[in-house]
Amino acid sequence: MRYADRPGTHREVHIATEPSRVWEVVTDVEAMAGWSPELVRVEWQGGADRPAPGARYLGHNQNPFVGEWRTLSHITEAVPERTLTWCVLDPDGRYGTAAENVRDRMATWSFALTPAPERGTVLRQSVTIGPGRSGLSAYIDRDPDQEEAIIAYRLEQLGQGMDATLTGIKETAERRS
């Protein structure tokens, strides 16, 4: 597993409510800060206040190993009750040159909602790392022989964060139904 291969991971959860309720929760981006172990706060940009293609928000993040950093997320797809996708950029150039174009994204994240055969919704959260430089890049630069282990460790961290986020979404959506 190499960075250039754009590694990724995903998690899924069954939520005992219809996709419309799950969509309401998934698109409450500010609420994600309450569930994610890294996202602390969200600031919508350019007059946006909800996910829609082209909308952007600054994410304020922190991690005990990396410290604090900002990201700029661009919503690339928002199909109600189906898919929400966003690309994450490095607006401050912390990991290289400040990224302004989605082709230089650090990662691509998404939620996919699928009606469950039994009552409810299957919610899948996914992330693909790269192709732009990210927080992993400096670690890999310092110890290229450990690239696969570095990536595996980060994917595990991201997976744990997804588990926490999906649990928050599930509890909130089921409580609202």
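Predicted model: local features only at pLDDT ≥ 70, side-chain atom pairs only at ≥ 80, totals over all residues.

Q: Which elements give two or more residues to the lining?
A: Those elements are the helices α2 (29-35), α3 (135-142) and α4, together with the strands β3, β4, β5 (83-89), β6 and β7.

Q: And which one gives the most?
A: That is α4, which contributes nine residues to the lining of the largest pocket.

Q: Where does α4 lie, then?
A: Helix α4, which covers residues 147-176, lies across β1, β3, β6 (107-115) and β7, and it runs at about 20 degrees to β1.

Q: Let's move to the strands. In what order do they form the sheet?
A: Seven strands form an open sheet in the order β1-β7-β6-β5-β4-β3-β2, with antiparallel pairing. The edge strands, each of which pairs on one side only, are β1 (8-15) and β2 (39-45). From one strand to the next, the twist averages 20 degrees.

Q: How many bridges join β6 to β7?
A: Nine bridges join β6 to β7, and these two strands run antiparallel. One of the residue pairs there is P115 with T121, its bridge partner in β7.

Q: What about the hairpin of those two, which residue takes a positive phi?
A: In the hairpin of β6 and β7, where five residues come between the strands, G120 takes a positive phi near 120 degrees.

Q: And the other pairings, say β5 with β6, or β3 with β4?
A: Strands β5 and β6 run antiparallel and are joined by six bridges, and within β6 it is A112 that stands opposite T83. Strand β3 (residues 56-63) pairs with strand β4 (residues 67-79) over eight bridges, in the antiparallel sense, and the bridge partner of Y57 in β4 is S73.

Q: Let me pick a residue: is S126 buried or exposed?
A: S126, which lies in strand β7 (residues 121-129), is buried, because its relative accessible area is 18%, and buried means under 20%.

Q: What is S126 in contact with?
A: Apart from its neighbours within four places in sequence, S126 is in contact with T9, H10, T108, W109, S110 and M162.

Q: So what about S110, where is its place?
A: S110 has its place in strand β6, and this residue also counts as buried, at 17% relative accessibility. If residues up to four places away in sequence are not counted, S110 touches L84, T85, W86, R124, Q125 and S126.

Q: Switching to the helices, is V22 buried or exposed?
A: V22, found in helix α1 (residues 19-26), is buried, with a relative accessible area of 0%. Leaving aside neighbours within four places in sequence, the contacts of V22 are I15, T17, L113, T121, L123 and A173. V22 and E81 are 59 residues apart in sequence, and their C-alpha atoms are 7.5 Å apart in space.

Q: Where does E81 lie?
A: E81 lies in the loop between β4 and β5, and at 35% relative accessibility this residue counts as partly exposed. The phi of E81 is near 65 degrees, which is a positive value in a residue other than glycine.

Q: Last one: what kind of peptide bond joins G130 and P131?
A: A cis peptide bond joins G130 and P131, with omega at about 10 degrees, and P131 has its place in the loop between β7 and α3.

Conventions. Residues numbered from 1 in each chain as written. Heavy atoms only, no water. Helix = DSSP H or I, 4+ residues; strand = E, 2+ residues; numbered from the N terminus. Buried < 20%, exposed > 50% of the residue type's maximum accessible area, 1.4 Å probe, protein only. Contact = heavy atoms within 4.5 Å. Pairing = 2+ DSSP bridges. Axes fitted to C-alpha atoms, helices over the stretch in contact; angles between N-to-C directions.
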